[in-house]
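Visitor: I would like to learn how to read side-chain features in a structure. Please show me the case at hand.

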Amino acid sequence: MEFTEWIRGRSDDQLRALVTARPELITPVPAHLEGLASRAGSPSAIGRALDRLDRFTLAVVETLAVLGGPVPAKELREVVGRALAAGEPEPALSAALDRLRDLALVYGPDDGLDLAPGVRKVLDDPAGLGPAAVDAFRHHPPEQLDELAEDVAPGTTGTGRERLAAALADPADLVGQVSDEARAALDQLAWGPPTGRVPNARREVRIGSARSPIEQLLARGLLAATGEESVTLPREVGLHLRGGRVHRDLPAAPPALEGTPRDREQVDRTAAGQAFTFVRSVEELCERWSIDPPGVLRTGGLGVRDMKRTAAELDLPEWAAALVVEVAHAAGLVAAGGSVDGEWLPTSGYDLWRVRSTADRWVTLAQCWLHMDRVPGLVGERDDRDRPLNALHPDLRRSSAAPVRSAALGVLAAAPGMAPALGSVLDRLAWEQPRRRGPLREQLTEFALREAEQVGVTGLGALSGHGRALPAGDAAAILAPLLPEPVDHVLLQADLTAVAPGPLTSELNRWMTLAADVESKGGATVYRFSDDSVRRALDAGQGAEELLAALARHSATPVPQALSYLVADVARRHGRIRVGTASAYVRCDDPALLDQITADRRSAALRLRRLAPTVIASRTSRAALVDSLRAMGYAPVAESLDGDVIISQLDGRRAEGGPSSRPVPPVNGPDSEVAAAAVRALRAGDAAHLARREPVAAPAGTVPRGPATATISALQDAIRQGVRVWIGYLDSQGNATSRILEPARMEGGYLTAYDETRAAVHRFALHRITGVAGLS
C-alpha cells in the first residue's frame, strides 16, 4: 500500500488527530491529501515528529528501520522483546504502534508495518548500527570489491558488492576467523557508535597478507572503509555481534523518580512566599531604575558593574538578580530608552502592571519566565569568542529554553509531593525525549529547576499547586489565598529607623523606598532615614509638613522628635541655593552663602563666575553643578528658565516606545475547530484533485438559465457546501457557453472559481452568468 493512499484512507477523526499532533503539517493547509502526505515525509517534519517520541517508541521506529521493508507485527514483537529489560512487549508495543500511526510515522496493516517515506533517511545509524553492507561498500572501486568478494565468498556469482552483501548476511564464519584482538575491536563498535578512525583505511588488503587486527577485519569485509582514515561496521555484522538484538537494554516504562517527600501544604506556602518576594524584587528593580537607570552597552545588554550594583540593591545573588532583570524585560516592564546612548528604564506597561493584584502580577511574570527564549543562567559565562555574556544581551537567546522549562515542570508534575533529585529528572527527560539529549539540555534543565524555585513555581524542590495550574492560566485564584496580607503601617523608632512588621502595600512600599533607605530585610524590613533620603523625598515634590503628615498617618507609633528635627533641618536648607542653566548658574538671596561657595577650594573645578551679588554662573551642566554642590555639603535645587523649582519625578522616567513584546506561549496544536476545518479543506481539495485527473465533459442539454437572484443563491450554497456546479456564461462577444466550476468566493461583482473545463482559476462576472445547475 502506498503512503498517500494510506493517508487518504484515514478517517476524519484520525486526520484530525494527525494535524493536531503535528501542527506544522497544516501551516499552511496543503491543497489536497497528496500534498499532506508529501509534507509529512519531508525531513524537517519527520525530525520534529521523532523529537516528540519517548525512548521506547523511538526504539520501535529504529527496529523497523533496521529490519527494513514491511514487517509483520509478530516479527516486530519478537525482536523488540529480546531487548526488553523485563516483562513482555505488550501492551507497550501496541500503544507505541498506535501513536506512530497517529503521527503518520508508521503505516500499513499489522501484517505489513512499514515506516513512512523519508523516516529511514532522517535516522542516522538507527540504534547505533551502521549502514547495510550494500551501502557501506557503495563507494569502493568495483575491482576491489571483486577481489574482496573472491576472498570471502569464492565461487559465488553476481557483482562484487552483491556477493559481499550475501556473505555478510551470516558473518559467523568470517568473525570466527579473526584473532582475539580483532574480535575485541569489533566488540568496541558493536553497540555504537559504529564508526572508527584508522590510518590508511582504503589500502587494499587480502586475507593472506593481513597482519594487524584491523587488516584482518578489512580483508574480510567486517569493516568497510568510508574514507582515507575512517571505517564503519556493516549493519549485518553489528546485528550478529549483538546476538540478533537491535537494542541492548530497552525499558518499556519511564524510570521512576527518586527524591525527597514533601508536605504539600508546606510546599505551597513556601512557594507562595517566594512568589511574593519575586514580585516585590521586580517592583523594586523598576522603581530603582526609574530613579537611577543603568546605561545600555554599545553591544547591547547591561554592564557588569551595573549588574553587581543591582544585585547588591536587591540583596540577591547575581544569578538571581539576573533572573529578575531578564523576566522584567521579557514581561515588557523594562526596555531600552532615554538618552542617545540609551538607558534601561521602566515602560508604561510597568505602570499598568503595578496596579494589579499581587497574584495577577506574579502570573504575568511566571508565564513570561516559562515561555521566554532567554537563559538568565548564562549571565557571567563566556561565549565562543571568550567574551562575557551580560544580562539583557541578545546572545542569551536559546530556542530550546522554553521547551526545556516546560518539560522539567512536566516531570515535577508527575511526582506530586516529591522534590526529585536533579539526576532523576535528567534521567526521566532522557527517556521522554532521547533525541534532544546533550550537555546544553542538561545545563538548561538545571537552570530551570533553580529558577523555578526562585520565581515561586516550586517550593522546597516540589511543584506547588499554583505552579501546576500555571500553564492552564488559573494559577492566580490558587495563589491569592496563600499570599501574605500586606500591612499599611510602619513602626517609627527614635534612632531614625522604621520597621515594617510585614510586607507593605504597594503604595506605602514605594513611598518608604522614596523617603528612606532599606537597611535590612527579613521577616520585618528596617528602613533608615537620612539627610539624603529626606532630600530625595523633597526633590520629588514633598513638603516638610506633607512628609511629616504622611509619617504620622502611616506609623503605628508617634513620630520621634529626632525624625521631626531631621526633616525640618533638611527642609530648611533645601532650596536655599538654586541652580539653573547658563550653561548653569547658582542663585541665592544670601550673598554671604555665595561668598562661601566661591571661596571653597573644592569649587575650583566648577569654574564659577560671580555675575551679581546673588548670582554665580558656571560652565558645567546644571545636573553636574547640583551634584557637585551637594557633594560639598550644600542642598541646592534645580530651577527652570522661568525660575520655578524643578520637581524630580523620580517615578516618572519611562522608556520611549512603550513596552517590549512579551513572549508568545508555544502552540501545542490547533484547537478542534481549526483541525476540523483543515480536514474538511483537505478532503474537498483532494476530491477536486482526483477529479482533475479525469477528463471533464459538460453535461448534456441546454445551457443553464434562471433568475439572477436564484443564480446568486445557488452559487452561495455551492461555496458553503464546497460542491461543483454547471453554469451558463456569456463571453465578451455575447456567445453562450457552459462551464464546470468549483466556486471559491464571491466579492465585488465577481465569482472566483476553479474552471475544470479549462483546468485553471478564473474570475467570472456575475452579470454574465445566465444560470446554475447542480451536478449529479
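Guide: Start with Tyr-107, which at 10% relative accessibility counts as buried; buried means under 20% relative accessible area, exposed over 50%, and partly exposed in between, with a 1.4 Å probe and protein chains only. This is a predicted model, where local features need pLDDT of at least 70 and side-chain atom pairs count only at pLDDT 80 or more, while totals for chains, interfaces and linings use all residues. Residues are numbered from 1 along each chain as its sequence is written, and side-chain values use heavy atoms, with hydrogens and water left out.

Visitor: How many aromatic pairs are there by the ring rule?

Guide: Rings of Phe, Tyr and Trp (its six-membered ring) pair if their centres lie within 6.5 Å; planes under 30 degrees apart are stacked, over 60 edge-to-face, and the rest tilted. That rule gives five aromatic pairs. In one of them, Phe-3 and Tyr-107, the ring centres are 5.3 Å apart and the planes at 70°, so the pair is edge-to-face. Phe-3 is in helix α1 (residues 3–8) and Tyr-107 in strand β1 (residues 106–107), 104 residues apart. Helices (H or I, at least four residues) and strands (E, at least two) are DSSP runs, numbered from the N terminus.

Visitor: What is the geometry of the rings of Trp-6 and Tyr-107?

Guide: Their centres are 6.0 Å apart and their planes at 55°, so this pair is tilted. Trp-6 lies in helix α1 and Tyr-107 in strand β1, so the pair ties together parts 101 residues apart in sequence. Trp-6 counts as buried, at 8% relative accessibility. Ring pairs join Phe-3, Trp-6 and Tyr-107 into a cluster.

Visitor: Which ring does the charged end of Arg-450 sit over?

Guide: A charge sits over a ring if NZ of Lys or CZ of Arg is within 6 Å of the ring centre and within 35 degrees of the ring normal. For Arg-450 the ring is that of Trp-319, with the charged end 4.2 Å from its centre. Arg-361 lies over the face of Trp-353, at 5.2 Å from the ring centre.

Visitor: Which residues touch the most other members of the largest nonpolar core?

Guide: Nonpolar side chains tend to be buried together in soluble globular proteins. A nonpolar core is a set of buried Ala, Val, Leu, Ile, Met, Phe, Trp, Tyr and Cys residues joined through side-chain atoms within 4.5 Å. The largest has 61 residues, of which Val-282, Leu-333, Trp-362, Leu-365, Trp-369 and Val-457 touch the most other members. Apart from it lies another core, of 47 residues, including Val-106, Tyr-107, Leu-113 and Leu-250.
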